[in-house]
Amino acid sequence: MAAGLAGLLQALALAGALALSYRPLGDYMARLLTSRRHLRIERGLYRLIGVNADFEQTWRAYLRGVLAFSAVSVLFLYAFQRLQNRLWLSLGFPAVPAATAWNTAVSFVTNTNWQSYSGESTMGHLVQMAGLAVQNFLSAAVGVSVAAALIRGFAGSRTDRVGNFWVDMVRVTVRLLLPVSVVFAVVFVAAGMVENLHAPVSVGTLNGGAQTITGGPVATQEVIKLLGTNGGGFYNANSAHPFENPNPLTNWLEVYLLLVIGFALPRTFGTMVGDRRQGNAIVAVMALIWIGSSGLLTLFEWQHQGSALRAAGAAMEGKEVRFGIAGSTLFGAATTLTSTGATGSAHDSYSPLGGGVLLFDMMLGEIAPGGAGSGLYGMLILAVVTVFVAGLMVGRTPEYLGKKLGGREIKFSSLYILSTPAVVLIGTGTAMSLGSARAGILNSGPHGFSEVLYAFTSAANNNGSAFAGLTATSTWWNTALGLAMLFGRLLPIIFVMALAGSLAGQSPVPVTAGTLPTHRPLFVGMLLGVVLIVVGLTYFPALALGPLAEGLR
C-alpha cells in the first residue's frame with residue numbers, strides 16, 4: 001500500500017511539473033521559432049556554414065537541407081567511430097567494427113539511439129562526447145525544426161515558404177537544448193551522477209575478486225539523451241545504472257526531462273497558428289494516452305499472475321529495486337511513448353501484457369507526447385486524418401485550421417501513417433523467415449517473436465529501447481535495423497514537409513456553421529479514437545502472435 005501511494009504521488013508530482021512547464025516553455029519555443037533577431041553566436045555559425053539567415057526556404061529546399069545534413073552527419077559519425085583507435089581519450093579501445101559503426105551512426109543521427117554494443121567497453125570518451133552527444137543535440141533540433149515547418153504550413157497563406165532549416169536547427173540547439181542541458185547537468189552532478197574523464201579503474205570486490213569501473217562524461221550526456229528524447233546511454237544498463245541514475249530523485253527528473261519538450265510543443269503550435277485552444281486539444285489527447293498507458297502498465301506489473309509473484313507483492317523481475325514497480329513503470333511508459341529509448345528496467349522481463357503495453361506505446365507512433373518535434377507532427381498528421389474522416393461522415397469537404405484537406409493532403413498523410421508500419425512488419429517478417437536472423441532470438445515461442453517485433457518497432461519508430469533477449473550484434477541485424485531506422489525517420493519527414501508545402505500554398509477558408517470545431521472535447525474524443533483504431537487495425541495480428549498469445553496462454 002505504501003509503495004502504491006508513493007508511486008501515485010510520483011505520477012501526480014510529474015503531471016503537476018509538466019503542467020507548470022506547459023505555458024512558459026511552449027511560449028518560449030514559439031518566440032524562438034518566430035523571432036527575427038539573431039544572436040551574435042548564431043550569426044557566426046551562419047557565416048561559418050554559408051547560410052543567409054534572413055532567407056526563407058521552400059519546402060523542397062528545407063527538405064534538402066534536412067536530408068543533406070543527415071547524410072553528412074551519418075558519414076562523419078561513422079568515420080569518427082572507425083578512427084577511434086587513433087583519437088585522444090580512446091581509452092585503448094579499438095576501432096568500432098564497420099557494421100556496428102554503421103548501425104550506431106544511423107541510430108544517433110535519426111534520434112533512435114539503438115545500441116547494439118556495450119557503451120562502457122566499446123566507445124572512448126571523445127567519441128562519446130564529440131560524436132554521440134553532439135548528435136543527441138542535433139537530431140533533436142532537426143525534429144523540432146521539421147515540426148516548426150509543418151506549423152508554418154498551417155499558419156501560412158498563399159506562400160511557398162516554410163522557414164529556414166539552418167536557422168531553426170541552430171536556434172533550437174543554442175537557445176533551448178544547450179541552456180537547459182547545462183543547468184540540469186549541474187543538478188545531476190550534485191545528485192551524485194558521474195562526470196569525469198577517468199580511464200577504467202580496477203577495484204577489488206568483497207569476495208576477493210576484481211571489477212573494472214568506467215568513469216566518463218556521464219552527466220552531460222545523460223541530460224541531452226533525455227531532453228532531446230534520444231535514449232543512448234553511456235553504459236549498457238542505461239538509466240538502470242547507478243552512475244547514470246543514482247537515486248529516486250534523479251529517476252523522477254529524468255522522466256520529467258524526456259517528457260517536457262514533447263508536452264510543451266502543442267502550446268507552441270497553438271501560439272504560432274493564432275489559436276491556443278488548438279494546442280490545448282492536442283495536448284489533451286497526448287495526456288489521456290500517457291495516463292492510460294502508465295496506469296495499465298503499472299496495473300499489469302502489480303497484478304501479474306502467479307502465487308510466488310502475489311506473495312512478493314508484484315512482478316519485480318527486471319525492475320530496478322531502488323525505484324520499485326511504480327518508478328520503473330513510470331519510466332517505461334514515458335520512454336516508449338516518446339522516442340527516448342532510455343530504459344530504467346529490463347523491458348524483456350516485464351509481464352507479457354506489460355510488454356505488450358510497451359510495444360503498443362511505440363506502435364502508436366510515439367505521439368504521447370512523442371519525440372522532440374516528431375511527436376507533434378505525428379499527432380498533427382493524425383488530426384488531419386480525423387478531420388477528413390469527420391468530413392466524410394457529414395458529406396462535407398474537410399477543413400483544419402482554415403485549410404482545405406483535399407486529395408493531395410490526405411495522400412501525404414496516409415503515406416506518413418503507412419510508412420512506419422510497413423517498415424516494422426516487413427522487417428519482422430523477413431527476420432522470422434531467415435535462420436541467420438532467428439539465431440539471435442533467446443526465447444522460443446511468442447516471447448521470441450515479441451523480441452523481434454519489438455526490435456523493428458523500436459527501430460522504425462526511432463525509439464531505441466530493446467527487449468534484451470535479442471542478440472542484435474550480427475552484421476545482418478546491424479544492417480537491417482540500421483535501414484529500418486533510416487527509413488523510419490526520413491520517409492515520414494519527407495511526407496510531413498510535402499504536406500507543409502501544400503498547406504502553406506493555400507488561402508485560408510472562412511469558418512462556417514458546417515466547420516468542425518477542432519478545439520472541443522468532441523474532437524479530442526474523435527482524435528483519440530482514430531489513434532487507437534488505426535494502430536489496432538494495423539498491428540493487432542502481430543500483437544496477437546506475440547504478447548497477447550503469451551499473456552493469455
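I looked up the second largest cavity, which holds about 50 Å³ of space; I took a cavity as a set of points on a 1 Å grid over the protein atoms alone where a 1.4 Å probe fits but cannot get out, and a volume as the space filled by probe spheres set on the points, joined across faces, edges and corners. Its lining, meaning residues with an atom within 4 Å of a point, counts 13 residues, and closest to the centre I found Pro-352, Gly-355, His-447, Phe-467 and Glu-550.

I noted that this is a predicted model, in which local features need pLDDT of at least 70 and side-chain atom pairs count only at pLDDT 80 or more, while totals for chains, interfaces and linings use all residues. Residues are numbered from 1 along each chain as its sequence is written, and side-chain values use heavy atoms, with hydrogens and water left out.

For the second largest cavity, I then listed α13 (352-363), α17 (445-460) and α20 (547-552) as each supplying at least two lining residues, with α13 giving the most, four; helices here are DSSP runs of H or I with at least four residues, numbered from the N terminus.

Next I turned to the largest cavity, for which I read a volume of about 370 Å³. Its lining has 26 residues, and Leu-364, Gly-365, Tyr-416, Thr-420 and Asn-461 lie nearest the centre. Two or more lining residues come from each of α14 (374-394), α15 (407-433), α18 (475-504) and α19 (521-545), and α19 gives the most, with five.

Key: 1 Å grid on protein atoms, 1.4 Å probe; cavity = no way out; pocket = protein on both sides within 12 Å on 5 of 7 lines; lining within 4 Å.
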